[in-house]
Number of protein chains: 2
Amino acid sequence: MRQFVVSGHDAPTTADFSLDDLAGGAGRLDVLCRCVNSAFFLSHDLRENVRVWLVLADEFAVRFEGGELRRLNPDERSTAALIRNALDSREEAIGHMEVESSPGVFLSRRGFEPVLEKVAEESTVVALHEDGDPVGEIDPPEEPAFVLSDHRDFADDETGLLEGVADTRVRLGPERLHADHAITIAHNWLDTAGYTQY
Amino acid sequence: MRQFVVSGHDAPTTADFSLDDLAGGAGRLDVLCRCVNSAFFLSHDLRENVRVWLVLADEFAVRFEGGELRRLNPDERSTAALIRNALDSREEAIGHMEVESSPGVFLSRRGFEPVLEKVAEESTVVALHEDGDPVGEIDPPEEPAFVLSDHRDFADDETGLLEGVADTRVRLGPERLHADHAITIAHNWLDTAGYTQY
């Protein structure tokens, strides 16, 4: 299982946003949608052995489960519609109990810290860092969880939490990348290392 | 200079498409928009030394010029709006003469073959192929032009044209990828090889 956690700092926490303004009024939800795309899509195929956690403004988490996903399309707008559907169920998400809003899409009332704790229990948490080991020189962990930030840098408290649970720090390349591009490179690292199951 | 050519088989050739239906009525323009995103964006930066050619239904070409681009944003919708603006100038694009519809965005009446001929004059044409050399094992060319297809495979005549001009065949990884993901991996290959200028 490959997991990706993306912190969406300005992401909406209610369903009353317009699909016509994802990069504006919807708090850069376009970034998170592209992360979902990069995490799941292969040419004419979907990576089933992938889980994505979108953390919305440290308040809600949307979990996308590769093996159960239906109705996921590559474009930003349709992915945003799935997230909006999930937020439509926000009153049913009580505590950490999840609501499945569409097949393979689950909403829970969880911020960055509880999501991070959960993935740290199950996975090797990988932090991306410019001082990390270049991925070309090391073997990837078998059950990695990559933790990324949207268009903003991690907040100081997020950095502290991540440093507390990170098992390894890696560098994907010489340039600082958008989160969705980083996910693509991370997959390629795992694919090339022979982790062919997806 | 890094060049990327993307053939959009179903892409619109007139400006009368809706930005609300990029993945449907606009002939999967979402794919081409994500290719533009992958080609140009770094975290808080733009790769200036990049040129992208979107071929629209083998009839028009939209050239994005990294060093001159303004008003490019990462989301699909705003990039589609730039393409729609370009198509709004289609009557002014006569022969191969280009029209600049917004800073760094140029429309010309060119199909796949003349675009390919043009990039082949200037660059080392790189075809992506599952039997190509794995990128981890070879050095990239200095002035590469990667030629990609949208959600469809290349048509037979496109494959023939590409084979005619391709200088090298490479394989980006074990999985078949979406075109925009392939662009991200190609950049990472060049970045990692020390081609730091962008």
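Visitor: Which residues in helix 5 of chain A meet helix 5 of chain B?

Guide: Please keep in mind that this is a predicted model. In helix 5 of chain A, the residues in contact are A:His181, A:Thr184, A:Ile185 and A:Asn188, and they meet B:His181, B:Thr184, B:Ile185 and B:Asn188 in helix 5 of chain B. By type, the residues of this contact divide into two nonpolar, six polar and no charged.

Visitor: At what angle do helix 5 of chain A and helix 5 of chain B pack?

Guide: The angle is about 75 degrees, and the axes of the two helices, each covering residues 179–192 of its chain, are 9 Å apart. Angles of 65 to 115 degrees count as roughly perpendicular, and helix 5 of chain A and helix 5 of chain B are therefore described in that way.

Visitor: I now turn to the sheet. In what order do the eight strands of chain A form it?

Guide: The general idea comes before the case. Strands of a sheet pair through backbone hydrogen bonds, and the pairing is either parallel or antiparallel. In chain A, the eight strands form an open sheet in the order 6-7-5-4-1-9-8-10, with mixed pairing. Strand 6 (99–102) and strand 10 (168–171) of chain A are the edge strands, each of which pairs on one side only. On average, neighbouring strands of this sheet are turned by 30 degrees against each other, direction ignored.

Visitor: How many bridges join strand 5 of chain A to strand 7 of chain A?

Guide: Four bridges join strand 5 (residues 60–65) to strand 7 (residues 105–108) of chain A, and these two strands run antiparallel. As one example, A:Arg63 has A:Phe106 in strand 7 of chain A as its bridge partner.

Visitor: Which strands of chain A does helix 5 of chain A lie across?

Guide: Helix 5 of chain A lies across strand 1 (2–8), strand 4 (50–56), strand 8 (124–134), strand 9 (144–149) and strand 10 of chain A. Relative to strand 9 of chain A, this helix runs at about 160 degrees.

Visitor: How many aromatic pairs are there over all chains?

Guide: A pair of aromatic rings is described by the distance of the centres and the angle of the planes. Over all chains, the count comes to six aromatic pairs. In one of them, the rings of A:Phe4 and A:Phe146 have centres 5.4 Å apart and planes at 15 degrees, so this pair is stacked. The pair links distant parts of the chain, since A:Phe4 is in strand 1 and A:Phe146 in strand 9 of chain A, 142 residues apart. A:Phe4, with a relative accessible area of 0%, is buried, and A:Phe146, with 1%, is also buried. Together with A:Trp189, A:Phe4 and A:Phe146 form one aromatic cluster.

Visitor: Is the pair of B:Phe112 and B:Phe154 stacked or tilted?

Guide: That pair is tilted, with 5.9 Å centre to centre and 45 degrees between the planes. B:Phe112 lies in helix 3 of chain B and B:Phe154 in the loop between strand 9 and helix 4 of chain B, so the pair ties together parts that are 42 residues apart in sequence. B:Phe112 counts as buried at 1% relative accessibility, whereas B:Phe154 is partly exposed, with a relative accessible area of 22%.

Visitor: Is A:Val5 buried or exposed?

Guide: A:Val5, which lies in strand 1 of chain A, is buried, with a relative accessible area of 0%. Among the residues that A:Val5 touches are A:Trp53, A:Phe112, A:Phe146 and A:Leu148.

Terms used: Residues are numbered from 1 along each chain as its sequence is written. Chains are lettered from A and ligands numbered from 1 in the order in which they are written. This is a predicted model: local features need pLDDT of at least 70, side-chain atom pairs count only at pLDDT 80 or more; totals for chains, interfaces and linings use all residues. Side-chain values use heavy atoms; hydrogens and water are left out. Axes are lines fitted to C-alpha atoms, for helices over the stretch in contact, and angles run from 0 to 180 degrees between N-to-C directions. Angles under 35 degrees count as roughly parallel, over 145 as roughly antiparallel, 65 to 115 as roughly perpendicular and the rest as oblique. Contact means heavy atoms within 4.5 Å. Ala, Val, Leu, Ile, Met, Phe, Trp, Tyr, Cys and Pro count as nonpolar, Asp, Glu, Lys and Arg as charged, and the others, Gly among them, as polar. Two strands pair if DSSP finds at least two bridges between them. Rings of Phe, Tyr and Trp (its six-membered ring) pair if their centres lie within 6.5 Å; planes under 30 degrees apart count as stacked, over 60 as edge-to-face and the rest as tilted. Buried means under 20% relative accessible area, exposed over 50%, partly exposed in between (1.4 Å probe, protein chains only). Lists of a residue's contacts leave out its neighbours within four places in sequence.
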